[in-house]
Amino acid sequence: MPIAYVTLPGRGATDALIAETVARLRATGLRLSGTVQTDVPRADRSLCDMELTVLPDGPVFRINQDRGEAARGCRLDSGALEEAVVEVADRMTGAEVLVVNKFGKLEAQGRGYVPLIAEALARDMAVLVGVNALNLPDLLGFCDGLATALPADPDAVATWATTAAAKQR
């Protein structure tokens, strides 16, 4: 199964690794679909805004709700995430690798990127997924334990993606 995941401790660490990997893959000319997350600091908030850039060239979606500085709990704007997923679906044709910046709460519930991951695997596309420790058991269950763990090294992740895409040609 051409699916692999990366997971790192620390806020934003997995996003940074995915973004660095995508930059390296773009330099090779590999055709990418999916999203990359950027955290945008705000002067008036302790938490940043979360923006998803749809690969290969946009648009960009803000996927967090501004619930105020004192708000607690999930800030995800699931509607904005679903809009980004629709944009990714429109750009999958011809792509060699699907990049899912995060297998999160929605995916654990079978929503979000799950249909796109299934479609990519049905097309024999390589799939790279970022996941945190909380949602890792759900990802492994979805993949029936067949996903490959990758090291926290953008060169190694890019090599995996390039090799997996070449095998699918």
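**View 1. Thr21, a buried residue of helix H1.** In this predicted model, Thr21 has a relative accessible area of 0% and is therefore classed as buried, the limit for that class being under 20%. Thr21 belongs to helix H1, which covers residues 13-28. When neighbours within four places in sequence are left aside, the contacts of Thr21 are with Leu128, Pro154, Val157 and Ala158.

**View 2. The largest nonpolar core and its contributing elements.** This core holds 32 residues, of which Ile3, Leu98, Tyr113, Ile117, Val127, Val129 and Leu139 touch the most other members. At least two residues of the core come from each of strand E1 (3-6), strand E3 (49-55), helix H2 (78-90), strand E5, helix H4 (114-122), strand E6 (126-131) and helix H5. Apart from it lies another core, made up of 21 residues that include Ala4, Val36, Ala158 and Ala161.

**View 3. The surroundings of Leu139.** Leu139, one of the residues that touch the most other members of the largest nonpolar core, is in contact with Tyr5, Phe103, Val129 and Val131, once its neighbours within four places in sequence are left aside.

**View 4. The aromatic pair Phe103 and Phe142.** The count of aromatic pairs comes to one. Phe103 and Phe142 form this pair, which is tilted, with 6.2 Å from centre to centre and 40° between the planes. The pair links distant parts of the chain, since Phe103 lies in strand E5 (residues 97-103) and Phe142 in helix H5 (residues 136-142), 39 residues apart. Phe103 counts as buried because its relative accessibility is 1%, whereas Phe142, at 33% relative accessibility, counts as partly exposed.

Technical notes: Residues numbered from 1 in each chain as written. Predicted model: local features only at pLDDT ≥ 70, side-chain atom pairs only at ≥ 80, totals over all residues. Heavy atoms only, no water. Phe/Tyr/Trp six-rings, centres within 6.5 Å; stacked < 30°, edge-to-face > 60°. Helix = DSSP H or I, 4+ residues; strand = E, 2+ residues; numbered from the N terminus. Buried < 20%, exposed > 50% of the residue type's maximum accessible area, 1.4 Å probe, protein only. Core = buried A, V, L, I, M, F, W, Y, C linked by side-chain atoms within 4.5 Å. Contact = heavy atoms within 4.5 Å.
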